[in-house]
Amino acid sequence: IHLMQQNIGDHERMTGYLRKSDSTAKYLLSLVNDILDMSKLQSDKMVLVPKPFSVDELVSTTESLMRSRMEDKEIDFRVETSIICSNLIGDDMRIEQILVNILGNAVKFTPKGGRVIMRVLQSAEGERILTTYQVEDTGCGMSPETGRHIFEKFYQGDNSRAREGNGLGLSIVRRIVELHSGVIVYKSELGKGTVCTLTEPGNRW
């Protein structure tokens, strides 16, 4: 903002400053939200709000949120679904938070021109519906050592791009998944990419 005040008449510089300011503001907002979420989780104050929601709408909203970020890096972003029951009971806002976090990591670690696929698959277990959300990327992947620590608080691995975050995202994701009685698994190979699979049980409505 100080530099903007000094270069108010320089359109090119102002455009660059505004872009950086917007990026920084979003990072700070993300940091504050992550710290608040972690605080709630550590004190057992985070409460899920189950309600009727549409899996189709959840997928559409998440795709819309991430599409522009994928396009900025010229990433081939594909969405594949096999949904047998869209109407479920659950906390769709928290599920969306999980997916945006995982997809955000996929964007961060996938090079320009790479590919990211989000799959949403379902199977029936009596009255319950098991929904699997899977994100596969062609990014840099992780070493086995990094993979063992990715859900730890503040762990950022040995990749320089990991330093762009705060090391809280995946730790929060795992805790939220556990609140949903779900399971999250990462499978990765250094230099070849990563597949993250999240399985969530849910009831029809």
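**Figure 1. Glu80 in strand E2 of the predicted model.** Glu80 belongs to strand E2, which spans residues 76-82, in a model that is predicted. With a relative accessibility of 35%, Glu80 counts as partly exposed. Setting aside neighbours within four places in sequence, the residues in contact with Glu80 are Ile117, Met118, Arg119 and Val120. Met118 is 38 residues away along the chain, yet its C-alpha atom and that of Glu80 are separated by 6.3 Å. The side chains of Glu80 and Arg119 form a polar contact at 3.2 Å. A network of salt bridges links Glu80, Arg119 and Glu136.

Figure 2. Strand E7 covers residues 193-204 and contains Glu200.

**Figure 3. The largest nonpolar core and Leu103.** The largest nonpolar core comprises 36 residues, and Leu103, Val116, Tyr133 and Ile184 have the most contacts inside it. At least two residues of this core come from each of helix H3 (55-72), helix H4 (92-109), strand E4 (115-125), strand E5 (128-137), helix H6 (169-179) and E7. The element that gives the most is H4, with 7 residues. Beyond its neighbours within four places in sequence, Leu103 is in contact with Thr62, Met66, Met70, Phe77, Val116, Met118 and Val135.

Figure 4. How many disulfides does the model contain? The count is 0. Cys85 is buried, with a relative accessible area of 13%. Cys196 is likewise buried, its relative accessible area being 2%.

**Figure 5. Asp10 between the helices H1 and H2.** Asp10 is placed in the loop between helix H1 (2-6) and helix H2 (11-42). A polar atom of the Asp10 side chain lies 3.3 Å from the backbone nitrogen of Glu12. The backbone nitrogen of Arg13 is also reached by the Asp10 side chain, at 3.1 Å. Asp10 is partly exposed because its relative accessibility is 29%. Arg13, at 46%, also counts as partly exposed.

**Figure 6. Two further salt bridges.** The structure holds 9 salt bridges. One of them joins the side chains of Arg78 and Asp76, with an N to O distance of 2.7 Å. Arg78 is partly exposed at 38% relative accessibility, and Asp76 is partly exposed at 33%. Another joins the side chains of Lys192 and Glu189, with an N to O distance of 3.5 Å. Is Lys192 buried or exposed? Lys192 counts as exposed because its relative accessibility is 58%, whereas Glu189 counts as partly exposed at 44%.

Figure 7. Ser143 lies in the loop that runs between E5 and helix H5 (144-147). With a relative accessible area of 17%, Ser143 is buried. Its side chain makes a polar contact with the side chain of Thr146, at 3.1 Å.

**Figure 8. Helix H6 and the residue Ser181.** The buried residues of H6 are Gly169, Leu170, Ser171, Ile172, Val173, Ile176 and Val177. Ser181 follows H6 and has a positive phi, near 60°.

**Figure 9. The chain as a setting for the close-up views.** The chain has 6 helices and 7 strands. Along the sequence, these elements follow the pattern α-α-β-α-β-β-α-β-β-α-α-β-β. Of its 205 residues, 41% count as buried. Among contacts in the chain with a separation of 6 or more, 70% are accounted for by residues 24 or more positions apart.

Key
Residues are numbered from 1 along each chain as its sequence is written. This is a predicted model: local features need pLDDT of at least 70, side-chain atom pairs count only at pLDDT 80 or more; totals for chains, interfaces and linings use all residues. Side-chain values use heavy atoms; hydrogens and water are left out. Helices (H or I, at least four residues) and strands (E, at least two) are DSSP runs, numbered from the N terminus. Buried means under 20% relative accessible area, exposed over 50%, partly exposed in between (1.4 Å probe, protein chains only). Contact means heavy atoms within 4.5 Å. A polar contact is a pair of N or O atoms within 3.5 Å; within protein, one must be able to donate a hydrogen and the other to accept it, and residues adjacent in sequence count only if both atoms are side-chain atoms. A disulfide is a pair of cysteine sulfur atoms within 2.5 Å. A nonpolar core is a set of buried Ala, Val, Leu, Ile, Met, Phe, Trp, Tyr and Cys residues joined through side-chain atoms within 4.5 Å. A salt bridge is a side-chain nitrogen of Lys or Arg within 4 Å of a carboxyl oxygen of Asp or Glu.
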